[in-house]
Amino acid sequence: MRRRDFLKVAATSATGAVLFAGCGRIGDGVPESEFKIAQPVFHPNDWLHRDAWFATAAPPEQGGYGLIVRVFEGRAKKVDGNPEFPGIHGKSDARAQALVQELYHPDRLSGARRATARGSGQFEAIPWDSALQEVAQILRESGGERAVLITGRLSASQAAIVAAFRKVTGIRHAVLEPDEFVVLRTAIRQLFGLRTLPIPDLANARFLLNFSADFLHGWIAPVAMAHAYGEFRQGRLGQRGLYYHVGPRLSATAANADRWFPIIPGAEGLVALAIAQVLLTEGKVPQDRFGPYLTALGLDATRLASDYAPDQVAPATGLAAEQIRELAHTLVDHQPAVVIAGTSAAAATNGLFNLVATFGLNWVVGSVNQPGGLILNPEPPLLDLRVPDDAVLSLRQWTELFEQIRAGSISTVLLYRANPVYSLPGSSGAHEALQAAKHVVSFSPFLDESTTLADLVLPDQAWLEQWGLTVPDPGPGFAAVAIQQPVVTPFLDARAFGDVLLELLRLLGQEAPWRTQEETTKALAVQLRTFAPGGIPATNDKEFLVALQARGGWWDEQSRGTSSAPSVAAVQPRQPVFVGDENQFPYVLHPYPLPSLGYGELAHLPWLQGLPEPISTNVWQTWIEVSQATADELDLRTGDVVRVLTPQGDVELPVYVNPASQPGVIAIPFGQGHTAYTRYAVARGVNPVTLVAPETDADVGTFAWAATRCRIEKTGRRARLARFEGMVPAFQLEEFPIVRVMAPKA
């Protein structure tokens with residue numbers, strides 16, 4: 001066989017990954033019929049210089065959907081959505097595009113290292129074998145009952161490895177994710193009896209009622225939901241979906257709505273109850289549909305009718321009674337309809353109530369598991385692919401855990417892609433706990449605030465260098481699994497987190513179920529064939545695995561999630577509580593996650609730092625967003641530096657005057673304020689967590705970051721904001737009518 005012919009039939013790269021086998025033209029238009037092969041990083045000079053596309057998966061915190069990566073001469077160049085993967089239609093978002101920057105980040109850690117002194121941020125290189133032996137000895141001394149593994153959201157295959165590690169060592173596992181998602185998962189579990197998140201069928205809905213969820217720019221499944229929203233608006237000839245947004249801030253998602261109903265922060269649940277009251281008393285829906293809704297809220301029909309009429313509830317929500325009735329009538333007049341809620345609605349002191357009361361409306365209007373309604377997702381097809389519910393902690397539970405560490409009952413802390421020192425309020429004791437722990441070991445690929453307190457760092461590989469299985473959550477409405485495979489040959493001295501855990505088991509003299517993370521991935525993937533073929537024709541396991549890698553995943557469109565109506569009360573109706581005397585702190589501080597940086601976990605990537613915030617177009621900094629009415633009251637202009645004071649602390653920030661902001665609400669983005677975490681994140685802006693009072697949800701114990709009051713003081717100074725639209729003030733366009741935004745009394 002000639003060398004040219006041999007290369008033409010080569011199926012894999014040096015990493016063992018299989019080329020993407022999608023149909024049609026991909027990315028920049030390379031025909032599928034053209035020969036493609038990925039080169040390793042250090043490639044022979046005479047290898048053909050052609051494009052290759054490899055299927056892989058997005059990280060679980062970004063949705064876990066299928067991706068394809070363009071590789072040229074062994075280097076990842078471009079990330080796109082996998083056109084074969086269900087729900088995303090070949091689309092991706094900026095966060096997925098920036099995975100390339102994580103891979104080639106100049107501050108990525110290479111090689112195991114030991115701290116010269118804890119907290120100094122200074123480390124010395126040590127051999128990997130020595131580092132692994134040290135960690136194994138630490139685990140022998142502490143024992144599993146005195147050790148905790150703190151991680152971010154894991155991929156499904158990583159979760160399987162951690163489960164095996166826990167079973168053998170007895171170590172505790174604690175998952176750190178934004179508290180709004182802890183509230184969301186709790187609400188869905190109590191309303192529908194499922195541990196997986198649902199997905200709204202926007203493409204087939206006529207009406208969307210959204211309570212504060214920023215579903216077009218973050219939240220859950222933003223890629224799938226953005227595409228479905230396009231279908232909702234203009235995917236059906238002669239029919240355009242109607243979208244009403246109820247929330248305290250005109251986010252970029254709210255700006256896409258037909259109507260925005262500005263409310264007092266945290267009043268989403270009360271509005272939902274009043275809507276249900278109208279539907280009940282006016283007989284707009286059958287009476288038997290109210291059963292699950294009333295049970296979940298601990299109410300009966302009499303109390304709902306008497307206590308939550310729009311005229312009674314309206315003063316506490318910021319809406320007029322007639323507006324609430326309009327919402328109720330529109331909900332039943334435009335069927336099929338779907339109701340969703342999230343982001344700040346879940347971050348109030350009554351967050352669980354808000355989400356149960358809003359999502360529960362889907363029971364009332366008959367939208368659960370119906371076309372154009374709320375589609376429930378089934379559990380992952382394999383038990384090994386599930387993250388235990390009890391591993392995901394609330395702020396209240398984190399505080400208790402850190403107290404145990406400070407008291408010495410837990411002596412060893414292992415950290416993997418979790419940064420509690422930055423993410424949690426100071427009152428949680430995260431920083432003090434890591435300082436007090438006898439041993440701290442981090443597997444982070446970057447030196448973040450928590451990793452700088454580690455004794456040993458064993459850096460993880462970049463996401464695009466690893467093997468894994470990822471279960472999208474929410475899924476597309478049926479069981480789906482994306483396969484992650486390395487698209488390039490690893491070029492730094494780093495090791496996959498799963499490989500390290502499995503090696504530690506061997507050093508501890510224990511039998512590991514798999515040898516590597518790659519073997520784990522393939523072993524679990526083959527089990528999918530026994531569960532259901534998932535549309536992958538294969539006569540044996542090897543064929544199935546190769547086809548799975550080439551396709552980018554497995555899915556079973558016949559599987560469906562089934563609900564169980566609540567049998568006991570999940571929550572009692574509550575009004576939001578705010579920290580701070582209204583006379584001393586007249587405004588409500590309203591933090592919000594940025595579409596680009598999220599809650600700060602992506603602040604180390606310069607592409608995302610430079611991505612303009614959709615409303616203000618600001619980049620690379622922190623600011624506060626004030627209404628025109630507030631600006632006039634305090635004589636403020638865009639660029640003025642003010643002092644923002646809360647009962648928790650104070651900072652100085654520039655002002656962005658937004659005429660569409662709600663008076664009385666001061667918005668501030670999450671994402672900045674890092675004291676570590678690479679050159680691109682350090683010393684930029686402030687972390688709003690330092691301003692927010694450490695209040696918790698009364699039912700779940702999660703961090704209620706939308707429950708703090710503030711005031712503003714002028715400093716007399718100005719600063720130039722880095723903005724895409726420059727420093728020109730917003731002004732009214734002549735062809736559009738002026739909309740007056742009225743302030744509810746918070």
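The following questions and answers go through parts of this predicted model.

Residues are numbered from 1 along each chain as its sequence is written, and side-chain values use heavy atoms, with hydrogens and water left out. Because the model is predicted, local features need pLDDT of at least 70 and side-chain atom pairs count only at pLDDT 80 or more, while totals for chains, interfaces and linings use all residues.

User: How many residues of strand S16 are buried?

Analyst: Strands (E, at least two residues) and helices (H or I, at least four) are DSSP runs, numbered from the N terminus. Buried means under 20% relative accessible area, exposed over 50%, and partly exposed in between (1.4 Å probe, protein chains only). For the strand, residues 412–416, the count is five of five.

User: Which residue in S17 is the bridge partner of leucine 414?

Analyst: Two strands pair if DSSP finds at least two bridges between them. S16 pairs in the parallel sense with S17 (residues 439–442) over four bridges. In S17, the partner of leucine 414 is valine 441.

User: Which residue in S16 is the bridge partner of threonine 151?

Analyst: Strand S8 (residues 147–151) runs parallel to S16, and five bridges join them. In S16, the partner of threonine 151 is tyrosine 416.

User: What distance separates the C-alpha atoms of valine 278 and histidine 329?

Analyst: Valine 278 lies in helix H9 (residues 268–281) and is buried, at 2% relative accessible area. Leaving aside neighbours within four places in sequence, valine 278 is in contact (heavy atoms within 4.5 Å) with Pro310, Arg325, Ala328 and His329. Valine 278 and histidine 329 are 51 residues apart along the chain, and their C-alpha atoms are separated by 8.3 Å.

User: How many residues apart in sequence are the parts tied together by aspartate 699 and arginine 574?

Analyst: These two form a salt bridge, with the closest N and O atoms 3.0 Å apart. Aspartate 699 lies in the loop between S26 (665–669) and S27 (708–718), and arginine 574 in the loop between S21 (553–556) and S22 (587–592), so the parts they tie together are apart in sequence by 125 residues.

User: What is the arrangement of the rings of tyrosine 229 and phenylalanine 232?

Analyst: Rings of Phe, Tyr and Trp (its six-membered ring) pair if their centres lie within 6.5 Å; planes under 30 degrees apart count as stacked, over 60 as edge-to-face and the rest as tilted. The structure holds 16 such pairs. For tyrosine 229 and phenylalanine 232, the centres are 5.8 Å apart and the planes at 35 degrees, so the pair is tilted.

User: Which arginine lies over the face of tyrosine 244?

Analyst: A charge sits over a ring if NZ of Lys or CZ of Arg is within 6 Å of the ring centre and within 35 degrees of the ring normal. At 5.6 Å from the ring centre of tyrosine 244 lies arginine 259.

Notes: A salt bridge is a side-chain nitrogen of Lys or Arg within 4 Å of a carboxyl oxygen of Asp or Glu.
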